[in-house]
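Work through the exercises below with the sequence and the 3D structure open, and try each task before reading its solution.

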Amino acid sequence: MDVVANNMVMVHEIPFPTEIKTTKPLSLLGYGITDMEIHFLQIKFTAIGVYLDPDVVKHVQQWKGKKGNELAEDDDFFDALISAPVEKYLRIVVIKEIKGSQYGVQLESSVRDRLAADDKYEEEEEAALEKIVEFFQSKYFKKDTLITFHFPATSPTAEVIYNK
């Protein structure tokens, strides 16, 4: 992955390039943080950038003109975005140190809940989530650890990488 210099978006003091290049240029289309409130303290764990092939707009034309908060609540939009046959890339930077086992369990829980809500959680999905949890089990993520999830347009398999 190549990073395009100078054009950055700051997400909780962490720079995210507005474009990266994998097999082709991908644009930063969304970003945010994961956090948790404990006894009135907001603990920020990760900053996340979501990169997509700009061709994704061809697959979500019917939502053109909608506001971001409307799209965030629209399950059909989310399904169309996720199932679009384009390259997708998630860039996650650790803000607060976390054990890989904790990260894996949180990720598993979140994905399982989403799939179950859509009645799409079957044995195949359970097995894939178990592999992800196993991958993260022995890791330890220090501040600024980079985790990436790459979803090629031509493959149903994601590539997960982390850099200490």
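**Exercise 1.** Find which residues of α3 meet which residues of α4, and describe how the two helices pack.

*Solution.* Begin with the contact (heavy atoms within 4.5 Å): G100, S101, Y103, G104, L107, E108, V111, R112 and L115 in α3 meet E125, L129, I132, V133, F136 and Q137 in α4. Sorted by type, the residues of this contact are eight nonpolar, four polar and three charged, where Asp, Glu, Lys and Arg count as charged, Ala, Val, Leu, Ile, Met, Phe, Trp, Tyr, Cys and Pro as nonpolar, and the others, Gly among them, as polar.

The model is predicted, and local features need pLDDT of at least 70, side-chain atom pairs count only at pLDDT 80 or more, while totals for chains, interfaces and linings use all residues. Residues are numbered from 1 along each chain as its sequence is written, and side-chain values use heavy atoms, with hydrogens and water left out.

Next, take the axes: helix α3 (residues 100-117) and helix α4 (residues 123-137) pack at an angle of about 165 degrees, with their axes 7 Å apart. That makes α3 roughly antiparallel to α4, a term for angles over 145 degrees.

Terms used: Axes are lines fitted to C-alpha atoms, for helices over the stretch in contact, and angles run from 0 to 180 degrees between N-to-C directions. Helices (H or I, at least four residues) and strands (E, at least two) are DSSP runs, numbered from the N terminus. Angles under 35 degrees count as roughly parallel, over 145 as roughly antiparallel, 65 to 115 as roughly perpendicular and the rest as oblique.
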